[in-house]
Amino acid sequence: MSRLLFSMITAAAMLTAIPASASTIRVQLNADIRSTTPGINRDDNTDAVVLHTVEGLVAYSEDATVKPLLAKSVDVSEDGKTYTFTLRDGVTFHNGAPLTSADVAWSWQFYMDPAREWRCLSEFDGSGRVKVEAVDTPDEKTIVFRLSGPNALFLASLARTDCGMTGVMHKDLLKADGSWDKPLGTGPFKFAEWKQGEFIRLERFEGYQSLPDERDGLTGGKRPLVDEVRFMIIPDSAAAKAALQAGDIDVVPDLANADVKEIEPNPDLGLSVSSNMGTSTILFQTRDPLLSNVKLRQAIAAAVDTEQLVEAVTQGLTKRNNSLVPSLSAYHTAAHDVGYTYDPEAAKALLAEAGYKGEPITLLTNQRYPQTYASSVIAQAMMQAAGINVTLEVLEWAAQLDRYSSGNYQMMAFPYSARLDPALSYDSVMGSKHKQPRKAWDSPEAQELLNKAMVVSDKAERQAIFDELHKRFLAEAPFLMLYNGIDASAFSKRVGNYKASIFSKPRLWEVTLAE
């Protein structure tokens, strides 16, 4: 068996002191969460809150590699089909119960119940690339996952934030009737209260056993250094900025790019800016009678000057990226710098070839994400200039998410949360629309290439696959890829050690608040 990445960590080294102080840090959320269940009925805000309360066996680090969290080691069999995890010592749940392999197995069965509709069920139930055929618990510290075949992304999939990090939970979280109550995990904060439409309150977990290292993405040191975290629901970005400047909240984790330069000279506020691996897109419904025509989609790609659009939307904080391989990825080579060619005359010629006669096309958008809305407005103007009759329809985020999930749209400006392996970036948008209507690129040939990238571990072989997928993506134009995101956060100078990250989510562990 081969040992991956992880080294032994003693229980003594994991014990860290948590200073006592009466402090509440108030963090803006631009919309309410959808649930408190990891990876179920979720969106990015839900993930951000829940991942303060639950933890998985492994997690993504700051450089997008997978590292230990609740596991201290993992062994992988030579055939790549058996993963053996050894749990850390001294870890307890919020109710004081010690973490055991039985809890991991119970949590796994919870997620794998099809009735619960876990976001990542298809990653592990055999309907996708692999099936977890058995989960064994030979002793309290050991849990063994047996797969139907090798899968290069098994650990990466376990660590996905949209999967809720496959957070390990204690069975006492269920009510007497078997229904969900609240998350009961091992994270640095305990779930305390959710007043819908107003706030979510988390309390410091006094018994939290932190790793001894520095903060490292979603792993490493994760000490809770404030007594309480309140996620305040403030949908309007201007109102959030005003509340920050007035001292009514402490952190705005998703600052509009246009506000960065305004905040920068304010001596009472701090800024943290980081590139991330999220993606900003304009989706096409390729089953739509109009947009099923590849010539029309190619015309739109030629009509939108993505370089100018990104410059305007991000205030020059980042550059366009027309590839689904994130700019920060080691797999983003010169081949992925090739993008759409802005050519209004070519767009008009393609419209004529498509037989387009000015039929109306509706572009759905939202104002929850200011950059998404700005992209919509600019893209609409560019398309209209080329003779494409596009109108905007602004929806509440929940309504837009429902339309996205059902595939009920013609065009849609849509942001995807970070996927830290290129195969997962492609997987978030690719697949059978018949099986999953939310999928945007339904191409059996491209899917076959992606399936190979999910299995092979050789970097050169994977690079060749991603290069070929990018060529096909540009040719088929199933949607427009615009840019990878910028995570700009603003905070009170009372807040110490707050940092934006590639995950585009607030992280309130290892953060202090001065009196």
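Colleague: What covers the buried residues of α11?
Modeller: In this predicted model, the cover over the buried residues of helix α11 includes β15, β16 (361–365) and β18 (411–416).

Colleague: Which are the buried residues of that helix, α11?
Modeller: Helix α11 spans residues 397–406, and its buried residues are Trp397, Gln400, Leu401 and Tyr404. Viewed down the axis of α11, these buried residues lie within an arc of 100 degrees, so they line one face of the helix.

Colleague: And what comes just after α11?
Modeller: Gly407 does, and it takes a positive phi of about 75 degrees.

Colleague: Let us turn to α13. Which of its residues are buried?
Modeller: Helix α13 covers residues 444–453, and Ala446, Gln447, Leu449, Leu450 and Ala453 are buried there. Their directions from the axis of α13 fall within an arc of 160 degrees, so the buried residues line one face of this helix.

Colleague: What about the other side of α13: which residues are exposed?
Modeller: Pro444 and Glu448 are exposed on that other side. The buried residues of α13, in turn, have a cover that includes α12 (422–427) and α14 (459–476).

Colleague: How many bridges join β15 to β19?
Modeller: There are 12 bridges between strand β15 (residues 269–284) and β19, and the two run antiparallel. One of the residues involved is Ser274, whose bridge partner in β19 is Asp487. Strand β14 (residues 251–252) is also joined to β19, by 2 bridges and again antiparallel. There, Val252 has Ala490 of β19 as its bridge partner.

Colleague: And β9 with β10: in which sense do they pair?
Modeller: Strand β9 (residues 189–195) and strand β10 (residues 199–204) pair in the antiparallel sense, over 6 bridges. They form a hairpin with 3 residues between them, and Gly197 in the turn has a positive phi of about 85 degrees. In this pairing, Lys190 has Glu203 of β10 as its bridge partner.

Colleague: Which residue other than glycine has a positive phi near 55 degrees?
Modeller: That residue is Ser504. For background, most residues other than glycine have a negative phi. Asn497 is another case, with a positive phi of about 70 degrees although it is not a glycine.

Colleague: Where is Asn497 placed?
Modeller: Asn497 sits in the loop between β20 (495–496) and β21 (512–513). Ser504 is also found in the loop between β20 and β21. Asn497 counts as partly exposed because its relative accessibility is 38%, and Ser504 is partly exposed with a relative accessible area of 27%.

Colleague: Changing topic: how many cavities of 30 Å³ or more are there?
Modeller: A search of the whole structure finds 3 of them.

Colleague: Which helix gives the most to the lining of the largest cavity?
Modeller: Helix α3 (residues 101–112) does, with 4 residues. The residues lining this cavity include Val104, Ser107, Trp108 and Tyr111. By class, the lining has 9 nonpolar, 3 polar and no charged residues.

Colleague: How does the lining of the second largest cavity divide?
Modeller: The second largest cavity has 5 nonpolar, 1 polar and 3 charged residues in its lining. Among the residues that line it are Arg160, Asp162 and Arg419.

Colleague: How much space lies in the second largest pocket?
Modeller: About 800 Å³ of space lies in that pocket. Its lining has 30 residues, and those closest to the centre are Ala152, Leu153, Ala156, Asp421 and Arg462. The lining of the second largest pocket divides into 21 nonpolar, 5 polar and 4 charged residues.

Colleague: A last one: is Ala71 buried or exposed?
Modeller: Ala71 counts as buried because its relative accessibility is 1%, under the 20% limit for that class. This residue is found in strand β5 (residues 71–76). Leaving aside neighbours within four places in sequence, Ala71 is in contact with Leu57, Phe85, Thr86, Leu87 and Arg88.

Conventions:
Residues numbered from 1 in each chain as written. Predicted model: local features only at pLDDT ≥ 70, side-chain atom pairs only at ≥ 80, totals over all residues. Heavy atoms only, no water. Pairing = 2+ DSSP bridges. 1 Å grid on protein atoms, 1.4 Å probe; cavity = no way out; pocket = protein on both sides within 12 Å on 5 of 7 lines; lining within 4 Å. Points joined across faces, edges and corners; volume = space filled by probe spheres on them. Nonpolar A, V, L, I, M, F, W, Y, C, P; charged D, E, K, R; others polar. Buried < 20%, exposed > 50% of the residue type's maximum accessible area, 1.4 Å probe, protein only. Arc of directions from axis to C-beta. Contact = heavy atoms within 4.5 Å.
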